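Biologist: I have a model open on my screen and I'd like to learn how to read it. Could you walk me through it?

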Amino acid sequence: MGSGAKKTEAAVAPAITAGLDRLETGGMLSLRGVTVSAHPFLASHLHKKFPKRALLVVTSNLKAQEVFQQDLETWLVSDEPERKGSRKKDEPTGRTLFYP
């Protein structure tokens with residue numbers, strides 16, 4: 001990585017840390033300024049970081065919701081352990097629900 005990338009990471013890290021801190025205390029996180037195509041990835045990352053908490057995602061319309069859910073399910077499957085049966089009994093499944 002070049003020095004420009006390191007500076008960018010250093011500048012973004014406090015914003016990410018503040019957002020995660022807000023979520024840990026029950027607050028909300030806005031993804032304003034984050035490209036729309038990255039939202040499902042970030043949602044899957046948040047699910048991985050807070051596996052026992054529900055995650056509510058609001059999209060602008062039905063088509064955006066369908067695309068978001070499809071991408072989110074792809075990311076959730078790619079994050080699952082390769083070995084079947086490695087999930088604990090009380091561990092959430094990562095199942096998504098669709099409410100149009």
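**Reading the model**

Modeller: The protein chain averages a pLDDT of 76, and 68% of the residues score at least 70; pLDDT is the predictor's confidence in each residue, from 0 to 100. This is a predicted model, so local features need pLDDT of at least 70 and side-chain atom pairs count only at pLDDT 80 or more, while totals for chains, interfaces and linings use all residues. Residues are numbered from 1 along each chain as its sequence is written, and side-chain values use heavy atoms, with hydrogens and water left out.

Biologist: Where is confidence lowest, and where is it highest?

Modeller: Where pLDDT is low, the predicted coordinates should not be read in detail. Here the lowest confidence is in helix H1 (residues 3-24), with a mean of 65, and the highest is in helix H3 (residues 62-79), at 90.

Biologist: How many helices and strands does the protein chain have?

Modeller: Helices (H or I, at least four residues) and strands (E, at least two) are DSSP runs, numbered from the N terminus. This chain has three helices and zero strands, so from the N terminus on you read α-α-α.

Biologist: What share of the residues is buried?

Modeller: Buried means under 20% relative accessible area, exposed means over 50%, and partly exposed is in between (1.4 Å probe, protein chains only). Of the 100 residues in the protein chain, 16% are buried.

Biologist: Which residues of helix H2 are buried?

Modeller: An α-helix has 3.6 residues a turn, so residues three or four places apart point the same way. In H2 (residues 39-49), the buried ones are His39, Pro40, Ala43, Ser44 and Leu46. They sit on the same side of H2 because they cover an arc of only 160 degrees around the axis, taking the directions from the helix axis to the C-beta atoms.

Biologist: How many aromatic pairs are there?

Modeller: Rings of Phe, Tyr and Trp (its six-membered ring) pair if their centres lie within 6.5 Å; planes under 30 degrees apart are stacked, over 60 edge-to-face, and the rest tilted. The count here is one aromatic pair. Phenylalanine 41 is partly exposed at 38% relative accessible area, and tryptophan 75 is partly exposed at 35%.

Biologist: What sits over the ring of phenylalanine 50?

Modeller: A charge sits over a ring if NZ of Lys or CZ of Arg is within 6 Å of the ring centre and within 35 degrees of the ring normal. In this case, it's the charged end of arginine 53, 5.6 Å from the ring centre.

Biologist: Is threonine 96 buried or exposed, and what is it in contact with?

Modeller: Contact means heavy atoms within 4.5 Å. Threonine 96 lies in the segment after H3 and counts as buried, at 15% relative accessibility. Leaving aside neighbours within four places in sequence, threonine 96 is in contact with Gln69, Leu72, Glu73 and Leu76.
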